[in-house]
Amino acid sequence: MTTDQPVDDGFHVFDTTLRDGAQREGINLTVADKLTIARHLDDFGVGFIEGGWPGANPRDTEFFARALAEIDFRHAQLVAFGATRRPGISAADDPQVKALLDSGAPVVTLVAKSHDRHVELALRTTLDENLAMVRDTVRYLRGQGRRVFVDCEHFFDGHRANPEYATAVVRAAHEAGADVVVLCDTNGGMLPAQVQAVVSTVAADTGARLGIHAQDDTGCAVANTLAAVDGGATHVQCTANGYGERVGNANLFPVVAALELKYGRRVLPEGSLAEMTRISHAIAEVVNLTPSTHQPYVGVSAFAHKAGLHASAIKVDPDLYQHIDPELVGNTMRMLVSDMAGRASVELKGKELGIDLGGDRELVGRVVDRVKDRELRGYTYEAADASFELLLREEVEGRPLRYFRTESWRAISENRPDGSHANEATVKVWADGERIVATAEGNGPVNALDRALLAALERIHPQLAKFELVDYKVRILEGRHGTESTTRVLITTGDGDTEWSTVGVGENVIDASWQALVDAYTYGLLKAGVRPAER
């Protein structure tokens, strides 16, 4: 499954977006969402991706089965999350522990109680039995060939209340064979100086390799994570964009940027840091949340300058008002308030897509200008690589890539007096020199359009029979004229082997969906090796 590890094991970047991040209010990830995010995180180069709690719900169980079968991880190892065995039984007999093994993940994170009151009130067992639960579960999983990390839940509060017992839990996990013992600020109430002092003390008292998991309830999760590193932690647990329960977790991106650019510690594969802004925005689109414009390092406003004094100084030397070169993290300096792609971003993306731009500055400039214009109209290409590739190829070749030409389409949604519904669509297209009219019904107007387009084209392009709409997201953008609004649709399509995402923007959801569907079919045929019939 893995891994050509580009960074040594001396320091871990551990991502828990798919588990802890998914607990944020408003985030509801499908299995397809989780697979997409896992691919982005692996591309970014994190060392570990915690995929969820197998056995706790069918979705997480399915995710592990599909991730192991469908994703060729290049950098990350997949991690299953679960709890120590239940009181009074052996780890080998605990069904939840068995589910961790059945997940197939090579690494397991166990959550363990380290606060004495939680042991007695939540687990309803003795302090000694809790220590035995930690030792038994770690030893059993190690004996089954798994690498084990132990998350000491509520550790900092527990250490303040009963430092001897909290430390005993760390020691029990370490002596049983846990590779890393993670100190968790579960309530998020700690401050950096406190975190550094406790981590230093526990490291000296136990000799264990320590990690940090910080919630952001005081707004200090990133600072607390870095303070733990100052105290000796060599394993940081974070989530993309700081997603997580309540106000969130330590944000992966500023933590990694600080480690690489401020501490001078290499924690990602070479060149990965420059992908950070793209990865952050792509994951935001997958979870269907607007990317934070003012997020450090990766926000569109992170290197935006509006004040006249700033602008004058930056003309002389950009470093006068910027703490780093924004290109180091894949971002760009802006003098105006707009979301803009830079030349370097286009060139790098073209290289990634296998399109040689040949150092043509005029061509790259046209692409940049077009992306700027379309983003102002509501398009986004962060999570729609297929649509961007079609745009790029159109500029490179000087004409759009077409397998068919649309004459017209319509979709009808009928509500009947008996409460039933009917959705029908008709499309008229030209393909291979032939005018084709097709009508289809569906469980919604977009589904009906999808079926009608397939019916029109599959005789000429039988490859389309394999295409399937995997995911569909709608976002209503800010209105521009009174009560009018703009709609953006992101569609993920698959052919059984790969998946690709496309974007459409229009005055209504049907119009935007049609644009995304046309791009999806066009890109799919391109990747299937079909020669365009119309140019």
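**Briefing: pocket, cores and cysteines**

The largest pocket is lined by 44 residues, of which Thr 36, Arg 39, Thr 498, Glu 499 and Trp 500 lie nearest its centre. The model is a predicted one, in which local features need pLDDT of at least 70 and side-chain atom pairs count only at pLDDT 80 or more, while totals for chains, interfaces and linings use all residues. Residues are numbered from 1 along each chain as its sequence is written, and side-chain values use heavy atoms, with hydrogens and water left out.

**Largest pocket**

- A pocket here is an open set of points on a 1 Å grid over the protein atoms alone, where a 1.4 Å probe fits, with protein on both sides within 12 Å along at least five of seven lines, and its lining residues have an atom within 4 Å of a point.
- By residue class the lining divides into 23 charged, 14 nonpolar and seven polar residues, where Asp, Glu, Lys and Arg count as charged, Ala, Val, Leu, Ile, Met, Phe, Trp, Tyr, Cys and Pro as nonpolar, and the others, Gly among them, as polar.

**Nonpolar cores**

- A nonpolar core is a set of buried Ala, Val, Leu, Ile, Met, Phe, Trp, Tyr and Cys residues joined through side-chain atoms within 4.5 Å, and buried means under 20% relative accessible area (1.4 Å probe, protein chains only).
- The largest nonpolar core has 89 residues, and those touching the most other members include Phe 44, Phe 155 and Met 276.
- Phe 44 is in contact (heavy atoms within 4.5 Å) with residues including Leu 252, Leu 268, Met 276 and Ile 279, its neighbours within four places in sequence being left aside.
- A second, separate core of 36 residues includes Leu 401, Trp 500, Ile 510 and Val 530.

**Cysteines**

- The structure holds zero disulfides, a disulfide being a pair of cysteine sulfur atoms within 2.5 Å.
- Cys 220 is in no disulfide, and the nearest cysteine sulfur, that of Cys 238, is 15 Å away; Cys 220 is buried, with a relative accessible area of 15%.
- The sulfur of Cys 238 is 12 Å from the closest cysteine sulfur, in Cys 184, which is too far for a bond, and Cys 238 is buried at a relative accessible area of 0%.

Methods:
Buried < 20%, exposed > 50% of the residue type's maximum accessible area, 1.4 Å probe, protein only.
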